[in-house]
Amino acid sequence: MDFALTPEQQMIYDYGSKLAQSYDHKHWLEKARAHEFPREMWQRAAEDGFCGLMVPEEYGGGGLGLLEMALLLEGMADHGVPLLMYVVGPTMALGHISKHGSDQQKSRYLPDACAGKTLFCFAITEPTAGSNSMRINSVAKPDGNRFKLSGNKVFITGVDVCDYAVVVARTTPHDQVQRKTDGFTLFIVDLKAKGVDYHAIDMSIVAPEEQFTMFFDEVDLGPEDVIGEVGDGFNTLFDLLNPERVTVAALSCGIGRFAVNKAAEYASERVVFDGPIGAYQGVQHPLAVAKTQLEMASLMTRQAAWQYDNGEQAGPAANMAKYAAAEAGIMGVEASLQAHGGNGFTHEYGIYDLYSMVRLMRTAPINRELILNYIGERVLGMPRSY
Amino acid sequence: MKVLVAVKRVVDYNVKIRVKADQTGVDLNNVKMSMNPFDEIGVEEALRMKEAGSVEEIVAVSIGVQQCQETIRTALAMGADRGILVKTEQELEPLHVAKIMAALIAEEQPDVVILGKQAIDDDCNQTGQMLAALMDWPQGTFASKIELADGKANVTREVDGGLQTLTLDLPMVVTTDLRLNEPRYASLPNIMKAKKKPIDEKTPEELGVDTAPRLTTLKVEDPPARQAGVKVEDVADLVDKLRNEAGVI
Ligand SMILES: Cc1cc2nc3c(=O)[nH]c(=O)nc-3n(C[C@H](O)[C@H](O)[C@H](O)COP(=O)(O)OP(=O)(O)OC[C@H]3O[C@@H](n4cnc5c(N)ncnc54)[C@H](O)[C@@H]3O)c2cc1C
């Protein structure tokens, strides 16, 4: 078994880490505190070809896979620059359009998105359907060969900086389908279209991206806006959700590593009694445990990405990676915070600032409990509770 | 014109290095290695010459262990055209490197050879000068600006007390200083293109260069640990501390 990255993969990781040194953690933190999107950094990465990493070359992309995307995001997050927009846009939306979109959609949307000229977000969650996506009731009512989309989405990341959203809606309402997985359709929605409205939610998480409530009121959509087949959205949904889990896992590992590395440095120099506090095993061991958990989670993340890219069933590994990485990331930030003492809570050291972001990853995009349900039921074959 | 750029594989500048317990050197186990930052500047300068139309081909050279190939790949991903790896497990001294470079110059016949002013691992700052002497070529060391025109080059050098501009005849050797340029990052298309660019492998023996050590390292030690600093309230406090605690004024 060969665990080595190819030279290209290594250079992609290195690009992420260098980008995170030009637009560094301090820059990220300033933007995160102000909830301001780092547009210049985005543009730079787009010009260097990284927004389109998963897009085929003929549409202006790099023609690479989820593993390379995860490595890019790890490179950035390892150096303190985790970006949620990379998950929802270049990974989920662009990855999905590349894989399941029509030729027309690909040539219409992908080149501009690769160049950083347009941005995409992703909307599935609704006020009454978060963990339970089966319940979504944003309905795109068939109207001749067109559709009228009405409904409400919540917690959608980055709507204000985006041009388009990939929206999961029902073309057959939830109470009229035979199987609850029937009747889902994925649409590309122009955020400037008539009937689209959105408002920022006042979130307490420290991140450059904001979250939004979206309202759709009879938004006119045509067959050209449907990704894949009408009513068949569920069958490709996990080509969105597994990459989301994998890239969120990469971000969690990165945040955790960044925090642990900061703590290792700090604790090696901070003297409280006689020697540096880093020599105390009460300080050292929690960091060592977190480091171990982070590296295990990172391996699982790469495995899940590899399986996805190779057309294997990536669900179990993607879920386990997301679970392990979120827990390891939280553990890393927690151990780092404790090692930093009071300084961990200052804006200067900014460790506590990482907490909300890494803690989010236990809850979103899929919460810990649902992952454990999945592993219990689907992987271990135990009975369902809900 | 053709440019030969030397790219050395060194400990990444972000790494906090540790001296080996037996004091024979720096511990390189599990340590991130990267291209010497001054060599990145060298590659960037060659790329700018090419983009300005004065250079047709850029050849990146690295000398050392097999993994130096990764450093060459990085140069190729930045935009160099091909690479040469001179493979040896032997620890090299500046004179060895200069002789190997001279042997490559004989084969490649470049017009410009660019090296870093120093490598951040051993900080020797000798290779470029030795190479110029071996070749009997003009040298522009510590360059902060290079302009090529009519078979000559104006090289602005960072010297003590200011800037000095020299006119050099080609072929020449230049060594880069920090302010020469800001190197680009390899873009994704270029990373993918680098895969197809050729890297030649050679050995010092094939080039007829004897790499037997001429220096013996007696001992490698950490610099003495520095005391933690203190923050002063204001200028008066600073002066007071300098006078009464440090006793230096
Ligand atoms: C910062 C942020 C960004 C987000 N970005 C996006 C985005 O871009 N696009 C998007 O579509 N959504 C987004 N979301 C939404 C996110 O995916 C949901 O919040 C998440 O899926 C949880 O859904 P919910 O909030 O409705 O929680 P609920 O479904 O109400 O669940 C509440 C809790 O109940 C427990 N629970 C639920 N079901 C079970 C069960 N079967 N077994 C055991 N326990 C259970 C879990 O502990 C869960 O945390 C974002 C959320 C946040 C906070």
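Me: Domain bounds here come from an automatic or database domain assignment. In this predicted model, which domains of chain A each give at least three residues to the shell around the ligand?

Reply: The assignment for chain A gives domain 1 (7–119), domain 2 (121–231) and domain 3 (235–379). At least three residues of the ligand shell come from each of two of these, namely domain 2 and domain 3 of chain A.

Me: How many residues of domain 3 of chain A are in contact with domain 1 of chain A?

Reply: Taken over C-alpha atoms, the centres of domain 1 and domain 3 of chain A are separated by 21 Å. Contact means heavy atoms within 4.5 Å. On the side of domain 1 of chain A, 27 residues take part, and on the side of domain 3 of chain A the number is 28.

Me: Which class supplies one residue to the shell around the ligand?

Reply: The ligand is surrounded by 21 residues, and A:Thr125, A:Ser131, A:Phe155, A:Thr157 and A:Glu369 are the closest. Strand E1 (120–123), strand E3 (146–157), H10 and H11 of chain A each contribute at least two residues to this shell. By class, twelve residues of the shell are nonpolar and eight are polar, while one is charged.

Me: What percentage of the area that the ligand exposes when taken alone does the protein bury?

Reply: An oxygen atom of the ligand lies 2.9 Å from a backbone N or O atom of A:Ile124, and a polar backbone atom of A:Pro365 is 3.1 Å from an oxygen atom of the ligand. In the side chain of A:Asn373, an N or O atom is 3.0 Å from a nitrogen atom of the ligand. Taken alone the ligand exposes 980 Å², of which the protein buries 70%.

Me: Which helices of chain A are among the elements covering the buried residues of H10(A)?

Reply: Helix H10 of chain A spans residues 352–363, and its buried residues are A:Asp353, A:Leu354, A:Met357, A:Val358, A:Met361 and A:Arg362. Their cover includes helices of chain A: H2 (25–34), H5 (84–100), H7 (233–269), H9 (315–340) and H11 (368–379).

Me: Why does A:Asp48 count as buried, and which residues of chain B is A:Asp48 in contact with?

Reply: A:Asp48 sits in the loop between helix H3 (39–47) and helix H4 (66–78) of chain A. Buried means under 20% relative accessible area. A:Asp48 counts as buried because its relative accessibility is 13%. Leaving aside neighbours within four places in sequence, A:Asp48 is in contact with A:Tyr15 and, in chain B, with B:Ser187, B:Leu188 and B:Pro189.

Technical notes. Residues are numbered from 1 along each chain as its sequence is written. Chains are lettered from A and ligands numbered from 1 in the order in which they are written. This is a predicted model: local features need pLDDT of at least 70, side-chain atom pairs count only at pLDDT 80 or more; totals for chains, interfaces and linings use all residues. Side-chain values use heavy atoms; hydrogens and water are left out. Buried means under 20% relative accessible area, exposed over 50%, partly exposed in between (1.4 Å probe, protein chains only). Helices (H or I, at least four residues) and strands (E, at least two) are DSSP runs, numbered from the N terminus. A residue is near a molecule or strand if one of its heavy atoms lies within 4 Å of it. A polar contact is a pair of N or O atoms within 3.5 Å; within protein, one must be able to donate a hydrogen and the other to accept it, and residues adjacent in sequence count only if both atoms are side-chain atoms. Accessible areas come from the Shrake-Rupley method with a 1.4 Å probe; for residues, only the protein chains shown count as cover. Ala, Val, Leu, Ile, Met, Phe, Trp, Tyr, Cys and Pro count as nonpolar, Asp, Glu, Lys and Arg as charged, and the others, Gly among them, as polar.
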